[in-house]
Amino acid sequence: MKIIFIFLSLLFVTIPFGDARCPNSCSGHGLCNTSSVCTCYSGWNGGAADCSYRECPFGIAWVDKAYSSNVAHQLTECSNSGYCDRSKGLCVCYPGFTGSSCQRATCPNGCSGHGLCGTLYDISISEGPDYDSRSTLAGDGVGIPYSLWDRNSNAMCSCDSGYYGPDCSLVMCPKGDDPLTTNQNYASILLSVEVKEITGKLGIEYQGKVIYISLTHPGDCGTLLSNNGHFGIVGCSFAQTIVEYSSYVATVLEFTLTFYNWPTFPKENNLYSSNGKPSIYDFFCDITYTNEFTICKFTEIESSNIREYAFCSNRGSCDFNTGDCTCVDGFGGPACSNITYLHHHGSNSKPGLEVSVTGLDYTSTALQISSARSSSSSFKFIEAIAASETVFYVDGEGSVGINKLKSLTGGMTITGGGLNVDSGGLTISSDGLHVYSSSASNPVALYSSRYADYLTSAYVAMQISTMSSTTNHFLIKAFNRGINVFALKANGQLQIGAGGLMVTGGISINSNGLKVTGGVTIRSGGLSISSGGLVVTGGVTINTAGFNVLRGGIQIFGGGMSIYSGGMKVTSAGLSVLSAGLAVTGGLSVNSNGLRVTGGATINTGGVYVTTKGMTVASGGMVIKSGGITVVADGLMIVTKGLTVLSGGVYVTTKGLTVVTDGVTITGGLTVNSAGAAISGGLTVNAGGMRISGGLTVFDAGATISGGITIKDTGLMVSAGGITVATGVASFLGGMSISSGLTVTNNGVTVQAGGVVVTGGLTVYGSAVFQNAPIVTSDRRLKTNLVPITDALHKVSRLQGVYYNWIQNEDSGLEFDRDRHVGLLAQEVQSVLPEAVGLAPLGGKNDKSKYLGVDYTALVPLLITAVRDLINDITLLNQKPLVKKAEIKETTLSCNYTVFSDELVQIKEDIKNAMLTRKKIETERNHVKELLNNLRFRS
């Protein structure tokens, strides 16, 4: 060390001292001030003391450190995207950046030679929307400028027409309408222009192209728009109206624009695309060349079922490398929009026009003729003319005209409109005539004579004749659902099958009428009364086939009615039994208007089936011994005494079951398909469980189920009393919502779909096993008041991980395991990071939420910040020299040995402090590592 000091002393002695001098005389690129410091000229502030290094251009930094809230991107040399060549003062940009200060991104592949590279600002001005058409009614043809920090930095390609992709390397194929989709509409919009004075021209901007139409000659709008810009053929009609305001009068021009087609070779690019259905928000008005007061508005007229504008017309595949369509069989043309099945022949032995379908799996229409005009008989779709005579035609209504129908070997099917023979009659030589009808109101066959004058007795409206010499055959037979109900034989015999003979004119008894004192007995065939009813004093007994009353009802004043078999059917008006009740052995069916029984009802067998309007038992209850009860709609209401079903259960399809008092006791199970069951007094199901599709509501007293409960949809709602499942698993397909907690003794709860939403918290005594890690909501958009964590290393150093066991038999009433655990003490965490500590509701018998708990996930941000600070400290330590270099200045050089001794002492002190700092950082790093291990073990 002494040798170094002596060497430096000798060196300093040989240096002459005099007037202040700047190094290298500032290299000729600066001025030397009185302090012997160079003041470099502009462009030479490259960091050299002698002004020998050039300075490179500055630009907005692509990335840098934020210097305020959401504020960054300061001006930096070479925009932090390149380095400076000090010898030339030029930026050498990293790949992907260009510009004098590397301030601009390059476009991919130089836009492949098929586009222009522009910044976001340039693109916004030249291609951006003119104005917000939702709030502004006109513009000037110039886009809304983009003004954020990267407006002149980020760049993109604006491809030439017909090219697209990020680098404009893809070629658009021809586009057209799908030839197989028919009866579609043309897109149409309405442009309303309000002006004070009709003068100048109005610009219509669509997809970046502006086309001007004359307001003084509005009739030329269709010609000016068609095949211009991005349009194909455009139809344009206009109307003019006058609008009077309080202070001026305006003229409104309404242009109806109809887009009949679009360019086969599309004018679109990577910025614009169209499917043939333009949005009104793609259109803008340029009022630069109109008067100062001009308002325009676009409105949709037709936007549904629009003709396609698709690559290769949806009938081919596009090669976007070449822009060529490969059409499927049967289609051709640049856009595959032409059907190629059509052939023309000039030969005398071949068809003049042939439509050939060659595909064996062809499913479309071989020949289709369409017209924009609606159905009308004033035009023809097809007309066949031989010489000058029309021999066949099909008009616009679908009517067919044929001079002569020669033969129909495959028969004829007329699906609508019927068959009308004006004259000549209809002759069927063989195979007879078959007439079928599905109408519920029209006759299958109607024979009607329109002759209104007198007809003689020889006239026959319908004649059936046979030529057979025998008479045992039938002239007429009538069937209903395969059963012969009526027949007329050739010998004149009339046969009437089941149903008997009904005489509309009735039987007339001139005096004394018909009186039956001892009742009426019908052994078989039943009794049918159309109207007027039947009054029987001594009762009616029907052994078989039942009793059918269509209307008018039955009144039995005494003696009741007994039906031993076959049942009784009442279609309308109901059945009233005033006394002695009703006993039915073979079942009771009520289709409508319900059944009301005052003195109770007993069904021995066959059960009760009620279709609509329900069944009401006012008193006395109902006892069904077997067969159960089925109510299809409108429910069953029993006011008092309840309902007892000994076997067969209760089946309610809709409208539910209501029992006001005395509850329901069911031995064989209960099934409710829809609309649910509402029970005020509790529900007990002894065996067989309960299956409910439409939900179950129990208002009070709770529900006790021994055999498990399955709820498929609509969920389970218990207002009070809770639900207890002693055994089995509760399976919920539609999810479960619990407001006041859930207790499951064993076997757990399985939720197959819909998830579990717990409002009042969830307590797990055992281990919680997750197949996938739980996700905690942490979206930046949901947070505010963001404050960085400071002094993280110091806070972590105050935490101490511990091993521990739970205290047993503590007065909390909680039962903990006896295993050894690792973790932190909540009180220590609370003093360091109180946000991670809270009251832990453990659910014990003495739980008053007095115990503290640690949210270990809340410690993760603190540990991450501490690790980051530690890494920064280590980085700085590695960059800091262990031996401080002596700074030698021309103006302060000295040969004093004492100075060097002081500097040596300072160097030794720096080395000592550096070693202490390194040791401290190493200790803190080990401490953080231990905490991370504890946290990972705890999680």
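In this predicted model, strands E14 and E20 pair in the antiparallel sense over 8 bridges. Within this pairing, Leu190 stands opposite Thr299 of E20. On the E18 side, E14 again pairs in the antiparallel sense, here over 9 bridges, and Leu191 has Phe255 of E18 as its bridge partner.

How many of the residues of E14 are buried? The count is 9 of 9, so the strand is mostly covered, given that buried means under 20% relative accessible area. In a regular strand the side chains alternate between the two faces of the sheet. Both faces of E14 are covered: Ala187, Ile189, Leu191, Val193 and Val195 are buried on one side, and Ser188, Leu190, Ser192 and Glu194 are buried on the other.

The largest nonpolar core has 30 residues, and those touching the most other members are Leu191, Leu202, Leu225, Phe231, Phe255, Phe259 and Phe283. Two or more residues each are given to this core by E14, strand E15 (201-206), strand E16 (209-214), helix H3 (221-225), strand E18 (249-259), E19 and E20. E14 provides the largest share, 5 residues. For Phe231, the contacts beyond its neighbours within four places in sequence are Tyr206, Ile211, Leu225, Phe259, Trp262, Pro263 and Phe283. A second, separate core comprises 20 residues, including Leu799, Ala826, Leu833 and Tyr856.

**Asn291**

Asn291 is placed in the loop between strand E19 (283-286) and strand E20 (294-302). Is this residue buried or exposed? Its relative accessibility is 14%, and it therefore counts as buried, the limit being under 20%. The side chain of Asn291 reaches the backbone oxygen of Glu197 at 2.5 Å. When residues up to four places away in sequence are not counted, Asn291 touches Val195, Lys196, Glu197 and Thr199. Val195, one of these contacts, is among the buried residues of E14.

**Salt bridges**

Side chains of opposite charge can pair when their charged atoms come close. The model contains 6 salt bridges, among them the following.

| Salt bridge | Closest N and O atoms |
|---|---|
| Glu77 and Arg86 | 2.8 Å |
| Arg315 and Asp178 | 2.8 Å |
| Asp779 and Arg781 | 2.8 Å |

In the pair formed by Glu77 and Arg86, Glu77 is partly exposed with a relative accessible area of 21%. Arg86 counts as partly exposed at a relative accessibility of 26%. In the pair formed by Asp779 and Arg781, Asp779 is partly exposed at 28% relative accessibility. Arg781 counts as exposed because its relative accessibility of 72% is over 50%.

**The chain as a whole**

The protein chain has 7 helices and 71 strands. Of its 939 residues, 29% are buried. Among the contacts with a separation of 6 or more, 39% are accounted for by residues 24 or more positions apart.

Key: Residues numbered from 1 in each chain as written. Predicted model: local features only at pLDDT ≥ 70, side-chain atom pairs only at ≥ 80, totals over all residues. Heavy atoms only, no water. Helix = DSSP H or I, 4+ residues; strand = E, 2+ residues; numbered from the N terminus. Buried < 20%, exposed > 50% of the residue type's maximum accessible area, 1.4 Å probe, protein only. Polar contact = N/O pair within 3.5 Å; in protein donor to acceptor, adjacent residues only side chain to side chain. Contact = heavy atoms within 4.5 Å. Salt bridge = Lys/Arg side-chain N within 4 Å of Asp/Glu carboxyl O. Core = buried A, V, L, I, M, F, W, Y, C linked by side-chain atoms within 4.5 Å. Pairing = 2+ DSSP bridges.
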